[in-house]
Amino acid sequence: MALRDQLRVMVVDDMSTSRGLITQALDQIGISQVASAGDGKSALQSIMKSPVHLVISDYNMPEMDGLTLLHYLRSMPTTAKIGFLLITGRADQAIVDKGKQLGMNNIIKKPFQPADLKAAIEQIVGRL
């Protein structure tokens, strides 16, 4: 069984259109076990109930941004090893540096192509 068939992914973005585009790109890549959340808090709650291998999160969200979500994931032993891909429209160096400091695995800039998303995911989990 291919890795892409086993991989469980959580997509976190406050904009339903963005969640849809990411989910659609994952489907094109062949990743079908995808859950989604509209904010970091609900994503965290969902991950605690049903663990995932990879979180693909937007940076700019109300209440809990992507890097705060990353911080919480890295601070708990049960979620510390989950792969984390940040998707953002503004990949400022400060965001990149903070993400790396917190243990972010990769970052991709919006807008992206499915091939870019696949390459970013493969750098985290290995060949799909």
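**Figure 1. Helices H4 and H5 side by side.** The axes of H4 and H5 come within 9 Å and cross at roughly 10°. H4 is therefore roughly parallel to H5. Axes here are lines fitted to C-alpha atoms, for helices over the stretch in contact, and angles run from 0 to 180 degrees between N-to-C directions. Angles under 35 degrees count as roughly parallel, over 145 as roughly antiparallel, 65 to 115 as roughly perpendicular and the rest as oblique. Helices (H or I, at least four residues) and strands (E, at least two) are DSSP runs, numbered from the N terminus. From H4, Leu67, Leu70, His71 and Arg74 meet Ile95, Lys98, Gly99 and Leu102 of H5. Contact means heavy atoms within 4.5 Å. By class, four nonpolar, two polar and two charged residues make up this contact of H4 with H5. Ala, Val, Leu, Ile, Met, Phe, Trp, Tyr, Cys and Pro count as nonpolar, Asp, Glu, Lys and Arg as charged, and the others, Gly among them, as polar.

This is a predicted model: local features need pLDDT of at least 70, side-chain atom pairs count only at pLDDT 80 or more, and totals for chains, interfaces and linings use all residues. Residues are numbered from 1 along each chain as its sequence is written, and side-chain values use heavy atoms, with hydrogens and water left out.

**Figure 2. Helix H2 against helix H6.** H2 (residues 16-29) and H6 (residues 114-125) pack at about 75°, with axes 9 Å apart. The two helices, H2 and H6, are therefore roughly perpendicular to each other. Ile22, Ala25, Leu26, Gln28 and Ile29 of H2 meet Pro114, Leu117, Lys118 and Ile121 of H6. The contact of H2 with H6 has seven nonpolar residues, one polar and one charged.

**Figure 3. The five-stranded sheet.** The sheet is open, its pairing is parallel, and its five strands follow the order S2-S1-S3-S4-S5. Two strands pair if DSSP finds at least two bridges between them. S2 (33-37) and S5 (106-109) are the edge strands, each pairing on one side only. Neighbouring strands of this sheet are turned by 20° against each other on average, direction ignored. S1 (residues 8-12) and S2 share five bridges in the parallel sense. Val9 stands opposite Val34 in S2. H2 lies across S1, S2, S3 (54-58) and S4 (83-88), running at about 155° to S1.

**Figure 4. Strand S5 and Ile107.** S4 and S5 pair in the parallel sense over four bridges. Thr88 stands opposite Lys109 in S5. One face of S5, with Asn106 and Ile108, is covered, while the other, with Ile107 and Lys109, is uncovered. Is Ile107 buried or partly exposed? Ile107 is partly exposed, with a relative accessible area of 23%. Buried means under 20% relative accessible area, exposed over 50%, partly exposed in between (1.4 Å probe, protein chains only). Leaving aside neighbours within four places in sequence, Ile107 is in contact with Leu85, Leu86, Thr88, Ala91 and Val96.

Figure 5. Most residues other than glycine have a negative phi, and most peptide bonds are trans. Glu63, not a glycine, has a positive phi of about 65°. Glu63 lies in the loop between S3 and H4 (66-75). At 70% relative accessibility, Glu63 counts as exposed. The peptide bond from Lys110 to Pro111 is cis, with omega near -10°. Pro111 lies in the loop between S5 and H6.
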